[in-house]
Amino acid sequence: MAAVGAAAVVWPLINQMSPDASTLAMASTEVDIGSIPVGQIVTIKWRGKPVFISHRSPKEIEEAQNVDLATLKDPQPDSARVKKPEWLIVIGVCTHLGCIPLGHQGEYNGWFCPCHGSVYDTSGRIRKGPAPLNLVVPEYSFLTDTKVKIG
Amino acid sequence: MHGHSTFEPKNGFVKWLEARLPILSFSHESFVAYPTPKNLNYWWTFGAILSFMLVAQIVTGVVLAMHYTAESTMAFDAVEKIMRDVNWGWMLRYAHSNGASMFFFAVYIHMFRGIYYGSYKAPREVLWILGVIIFLLMMATGFMGYVLPWGQMSFWGATVITNLFSAIPFVGDQITVWLWGGYSVGNPTLNRFYALHYLLPFVIAAVVGLHVWALHVVGQGNPDGVEIKDIKKDSVPFTPHATMKDAFGIAVFLLIFAWLIFFVPNYLGDADNYIPANPMKTPAHIVPEWYFLPFYAILRSIPNKLAGVIAMFAAIALLAFLPWLDTSKVRSGKYRPLFKIFFWIFAATSIGLGYLGAMPPEGGYVLAARILGVMYFAFFLVILPVLGLVEKTKPVPATIADAVLAKH
């Protein structure tokens with residue numbers, strides 16, 4: 001009984017730190033991708049975080065697809081990370097310690113994180129460095145050919 | 001410990017107060033009659049210097065708080081307003097930001113002194129562990145304080161450090177969201193860091209109280225590592241001897257502090273922190289304040305996130321186990337010829353890690369950090385336990401008086 005009482009008192013004191021109602025209510029974002037030329041990465045803001053929308057060139061798509069999955073730290077085929085091969089949409093937060101990786105940099109011409117040297121490929125998969133996981137693919141859907149809804 | 005003199009009130013009011021709250025006799029015992037080993041050197045003045053710095057940080061911090069706004073759209077401007085508009089604001093802020101550096105500088109000397117002279121050995125284990133707790137609290141306070149100006153380094157430093165918790169298996173991501181109060185570092189994070197940055201110095205003050213209490217129970221250590229046996233022969237009263245020596249130490253320390261404040265106030269800072277926080281752009285090269293660099297180098301040198309985080313925290317936590325890792329019966333490094341060599345290698349290793357923590361995480365720097373990281377841990381886990389068993393120590397003087405007289 002006493003433990004339940006103590007927990008009931010402590011819980012509000014702890015839980016007050018979690019995201020509040022206004023933060024949770026933040027809506028999804030719609031982006032017009034029609035104006036993004038091939039080979040360019042556009043960064044948009046979603047839930048206070050950057051999201052990379054990469055309009056991949058045929059060469060980048062090929063590099064992303066022709067990888068021996070056994071060599072990957074977090075094995076995932078490129079097809080599981082995109083809905084349409086020319087569009088890669090990932091959350092632009094390094095899975096190591098949360099920095100924003102720089103696009104079109106690093107050995108695999110994907111992303112390079114300047115903080116601790118993690119290298120991602122053109123599919124946003126971790127290839128080198130301390131990050132444990134691939135860049136996260138957010139929930140998204142194509143509303144039309146040129147409109148994407150993230151979240 | 002019995003002191004050099006006893007407090008005998010003559011004044012009527014003092015007698016009245018003594019019967020109700022013996023605070024004056026307590027202060028007399030603790031800071032006047034308290035027996036101080038005769039052989040202390042200037043490395044022993046850093047306790048007083050640290051007490052001074054704690055007070056200085058609290059005083060400058062409280063007045064800065066009167067002008068600061070902990071809101072993510074206003075914080076950066078509030079700090080610039082302090083710098084430009086508030087009377088003496090520039091001086092108070094430079095004193096506070098450089099004060100943090102001087103505080104850490106002093107605490108590192110204090111800790112290295114403790115390691116060199118075996119200050120953590122029985123019966124001073126609790127005294128030492130309280131010190132490690134103070135160090136941890138200082139790190140938390142310093143980190144959160146650095147976030148408050150809400151510049152680029154503030155923001156990205158906060159992002160990197162809070163993300164350390166995301167390495168915890170299973171619940172890591174939930175814990176970081178809970179720490180942030182959102183999906184990334186933002187206004188709620190700034191607000192709670194401000195609340196805690198104001199709170200923790202007073203927690204530090206309380207633990208310092210325990211640290212001094214423990215010190216006064218077991219007595220001060222000293223360069224020869226032998227306990228006071230005869231108060232008259234081995235020790236001098238705290239006042240005036242230690243008081244004056246500490247005051248001189250503080251004065252010299254203040255010279256360096258004043259030089260930083262008035263001549264090179266931004267020398268230890270990072271220029272990027274004068275750019276307002278931008279959640280969409282990471283600075284090319286994130287570096288923490290210099291006093292975190294050795295631990296940061298250890299974190300970065302390990303190519304596995306969880307292992308890196310564990311290694312970094314272990315590098316600090318190991319300090320608490322020093323009393324048991326060091327197996328030597330001889331307390332002071334002065335009488336341990338092999339330990340002396342390894343101590344200086346350890347000191348150089350720590351400084352080397354600090355240098356590497358400031359360098360970009362690539363190529364030879366990562367390799368060097370790995371080598372030095374292994375050396376850092378080896379000092380605690382291999383050298384200290386083994387050395388106590390194999391080292392041939394020099395004869396230790398019987399008393400402090402003997403040690404002092406042998407020099408003359």
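Analyst: Eight residue pairs are in polar contact across the interface of chain B and chain A, both residues of each pair being at pLDDT 80 or more; a polar contact is a pair of N or O atoms within 3.5 Å, in which, within protein, one must be able to donate a hydrogen and the other to accept it, while residues adjacent in sequence count only if both atoms are side-chain atoms. The model is predicted, and local features therefore need pLDDT of at least 70 and side-chain atom pairs count only at pLDDT 80 or more, whereas totals for chains, interfaces and linings use all residues. Residues are numbered from 1 along each chain as its sequence is written, chains are lettered from A and ligands numbered from 1 in the order in which they are written, and side-chain values use heavy atoms, with hydrogens and water left out.

Between chain B and chain A there are zero salt bridges, a salt bridge being a side-chain nitrogen of Lys or Arg within 4 Å of a carboxyl oxygen of Asp or Glu. On the side of chain B that touches chain A, the elements giving two or more residues are α7 (152–163), α8 (172–180) and α12 (293–301) of chain B; helices (H or I, at least four residues) and strands (E, at least two) are DSSP runs numbered from the N terminus. Of these elements, α7(B) provides the largest share, four residues. By class, this side of chain B has 17 nonpolar, eight polar and four charged residues, where Ala, Val, Leu, Ile, Met, Phe, Trp, Tyr, Cys and Pro count as nonpolar, Asp, Glu, Lys and Arg as charged, and the others, Gly among them, as polar.

In extent, the contact (heavy atoms within 4.5 Å) takes 29 residues from chain B and 30 residues from chain A. The area buried between the chains is about 2,400 Å², and carbon and sulfur atoms give 65% of it; buried area is the accessible area (1.4 Å probe) that two parts lose on being put together, summed over both.

Chain B is divided into domain 1 (31–288) and domain 2 (292–320 + 337–392), with bounds from an automatic or database domain assignment. The centres of the two domains, taken over C-alpha atoms, are separated by 22 Å. In this interface, 24 residues of domain 1 of chain B are in contact with 26 residues of domain 2 of chain B. Together the domains bury about 2,100 Å² between them, 82% of it on carbon and sulfur atoms. In domain 1 of chain B, the residues that lose the most area to domain 2 are B:Y116, B:L164 and B:P288, together 27% of what that side buries.

Between these domains of chain B the count is zero salt bridges, and three residue pairs are in polar contact, both at pLDDT 80 or more. On the domain 1 side, α5 (89–116), α6 (125–147) and α7 of chain B each supply at least two residues. The most, seven residues, come from α6(B). The residues of this side divide into 21 nonpolar, three polar and no charged.
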